[in-house]
Amino acid sequence: MCEKRTRKFKKGSSVTRLREARRHQRLQWLASPVVTEEAPVVVTQALPDKAAQNRLILNLAWKTLILMQKNRLIQEKIVALQKETSEFVSAIMRNPENKRRYLEYVRLYNAGQLPDLKKEIESKIYLKRDPE
């Protein structure tokens, strides 16, 4: 009933190379004559220390909490800066001269004449630089 699960690996992948190396070692071990009746050395993987794993998880959780706290503080600063910027712009726009300039800019922008205005301003700047 249980089917053996097989995976398709790319040719030359590290898993394929590791599998082939182990197969080659088994073939060499089986083909070599056994001189003494010694049990083959079995390499067991050391089990990770549970306490060390728990310390690592707690350390990561602590660092995550610190980063979340810093993120919250930075977000509060961003909101305060946005509010300050909004108040500054509204204070600037209360001045009638600035309001008139802004409305003129918007009118030129909507009319498509803004690039012409920029070229005109740039040409005046270049004219002022030439006599130097």
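**A tryptophan and its patch**

Modeller: Trp62 has its place in helix H2 (helices are DSSP runs of H or I with at least four residues, strands runs of E with at least two, numbered from the N terminus). The model is predicted, so local features need pLDDT of at least 70 and side-chain atom pairs 80 or more, while totals for chains, interfaces and linings use all residues. Residues are numbered from 1 along each chain as its sequence is written, and side-chain values use heavy atoms, without hydrogens or water.

Trp62 counts as exposed because its relative accessibility is 56% (exposed is over 50%, buried under 20%, partly exposed in between, with a 1.4 Å probe and protein chains only). Together with Leu65, Ile66 and Met68, Trp62 forms a nonpolar surface patch with about 450 Å² of accessible area (Shrake-Rupley method; patch residues have over 30% relative accessible area and no salt bridge, with nonpolar side chains joined within 5 Å). An α-helix has 3.6 residues a turn, so residues three or four places apart point the same way.

Helix H2 covers residues 50–93 and has the highest confidence in the protein chain, at 93 (pLDDT, the predictor's confidence in each residue, from 0 to 100). Helix H4, residues 114–129, has the lowest, at a mean of 63. The protein chain averages 77, and 64% of its residues score at least 70.

The protein chain holds four helices and zero strands, in the order α-α-α-α from the N terminus. Of its 132 residues, 2% are buried. The protein chain exposes about 13,800 Å², 60% of it supplied by carbon and sulfur atoms.

Terms used:
Accessible areas come from the Shrake-Rupley method with a 1.4 Å probe; for residues, only the protein chains shown count as cover. Patches are made of residues with over 30% relative accessible area and no salt bridge: like charges are joined within 9 Å, nonpolar side chains (Val, Leu, Ile, Met, Phe, Trp, Tyr) within 5 Å. A salt bridge is a side-chain nitrogen of Lys or Arg within 4 Å of a carboxyl oxygen of Asp or Glu.
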